[in-house]
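User: Please take one loop of this model and look at it closely, explaining each term as you go. From there, please lead me on to the parts of the chain that help me place that loop.

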Amino acid sequence: MTLRTATAGDLTAIMDLERTSFPTDAWSEPMMQSELASPHGRYLVDVEAGRVIGYGGVRAVQGSADADIQTIALAEAARGRGRGRTLLRALLEVARERGAREMFLEVRADNPVATALYASEGFVEIGRRPRYYQPDDVDAVIMTLDLVAWAAHRAADGTALDAGACS
Ligand SMILES: CC(C)(COP(=O)(O)OP(=O)(O)OC[C@H]1O[C@@H](n2cnc3c(N)ncnc32)[C@H](O)[C@@H]1OP(=O)(O)O)[C@@H](O)C(=O)NCCC(=O)NCCS
């Protein structure tokens, strides 16, 4: 498994994964393009045998205490083997390096796999946005994580990842 910072050249591969992972509410290509180019965020790709098989992004404005997990997805064949957790942890490390102290994310209420991943990493539900995801009419679950406590726990475990290794 190789994680590296996504570039504009990864846009097509990321959009293929985006459309298959989120068939009813995929982001548009221009939106993803601007996400990849934003100085206020960072996207990582998971590469296997030269192919992009996963991606995830964080919005973390330098100096801001709050940051957001924007998205995370793996090719169907690559799921369930720990890669999602590794990618999520790398994104959290990026946010921490940028000075964030608290992470936020929104997840569909009908996505138990992603919710379990986030909860097992320490995210807790703080609210819901009813019928947020359209056209499916599904609630958004808003979750937050104390990033300082998370990083301290990881450091104590000796498992902290140097986010610089992903660039
Ligand atoms: C959500 C996603 C990124 C998780 O990545 P993954 O590589 O499949 O997950 P991992 O193998 O790292 O597993 C991490 C945790 O997720 C949960 N999980 C993974 N597969 C699961 C399954 N089939 N059923 C229930 N929980 C599951 C478990 O809590 C697991 O921890 P554990 O292995 O200690 O039990 C991936 O499944 C995916 O791309 N899904 C489609 C896109 C998506 O829903 N993205 C999230 C948008 S908010």
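Analyst: **A close look at one loop**

D137 is placed in the loop between β6 and β7, where helices (DSSP runs of H or I, at least four residues) and strands (runs of E, at least two) are numbered from the N terminus. What follows rests on a predicted model, in which local features need a pLDDT of at least 70 and side-chain atom pairs count only at pLDDT 80 or more, while totals for chains, interfaces and linings use all residues. Residue numbers run from 1 along each chain as its sequence is written.

Phi of D137 is near 65 degrees, which is a positive value in a residue other than glycine. Most residues other than glycine have a negative phi, and most peptide bonds are trans. D137 is exposed, because 9 other C-beta atoms lie within 10 Å; on this scale a residue is buried with 20 or more other C-beta atoms within 10 Å of its own, exposed with 12 or fewer, and partly exposed in between, the C-beta atoms being placed from the backbone. P135 is found in the loop between β6 (124-133) and β7 (138-146), and the bond that joins Q134 to P135 is a cis peptide bond, with omega at about 15 degrees.

V138 and D110 are 28 residues apart in sequence, yet their C-alpha atoms are 7.1 Å apart in space. D110 lies in the loop between β5 (102-108) and α4, and with 11 C-beta neighbours inside 10 Å it counts as exposed.

Within helix α4 itself sits L117, which counts as partly exposed, with 17 C-beta neighbours inside 10 Å. Leaving out residues up to four places away in sequence, L117 touches G84, R85 and L88, a contact being two C-beta atoms, placed from the backbone, within 7 Å of each other. By contrast, L117 and V148 are 31 residues apart in sequence and 19 Å apart in space, C-alpha to C-alpha.

The ligand is surrounded by 19 residues, of which R79, G84, R85, A116 and L117 are the closest; a residue is near a molecule if its C-beta atom, placed from the backbone, lies within 6 Å of it. At least two residues of this shell come from each of β4 (66-74), α3 (83-97) and α4 (112-121), and α4 gives the most, with six residues. By class the shell has nine nonpolar, six polar and four charged residues, where Ala, Val, Leu, Ile, Met, Phe, Trp, Tyr, Cys and Pro count as nonpolar, Asp, Glu, Lys and Arg as charged, and the others, Gly among them, as polar.

Helix α3 has a number of buried residues, among them G84, L87, L88, L91 and V94. Its 15 residues should span 21 Å at 1.5 Å a residue, and its end C-alpha atoms are 21 Å apart, which agrees; the expected span is 1.5 Å times one less than the number of residues. Just after α3, G99 takes a positive phi of about 100 degrees.

The C-alpha atoms of G99 and S64 are separated by 6.6 Å, although the two residues are 35 residues apart along the chain. S64 is found in the loop between β3 and β4 and counts as partly exposed, with 15 C-beta neighbours inside 10 Å. G63 is placed in the loop between β3 and β4, and it is exposed, with 8 other C-beta atoms within 10 Å.

A49 is found in the loop between β2 and β3, its phi is near 50 degrees, a positive value in a residue other than glycine, and it is exposed, with 6 other C-beta atoms within 10 Å.

A last point concerns confidence. The mean pLDDT of the chain is 94, and 94% of its residues reach 70 or more, pLDDT being the predictor's confidence in each residue, from 0 to 100. Over residues 162-167, however, the pLDDT is below 50, and this stretch has eleven contacts in the model beyond near neighbours in sequence.
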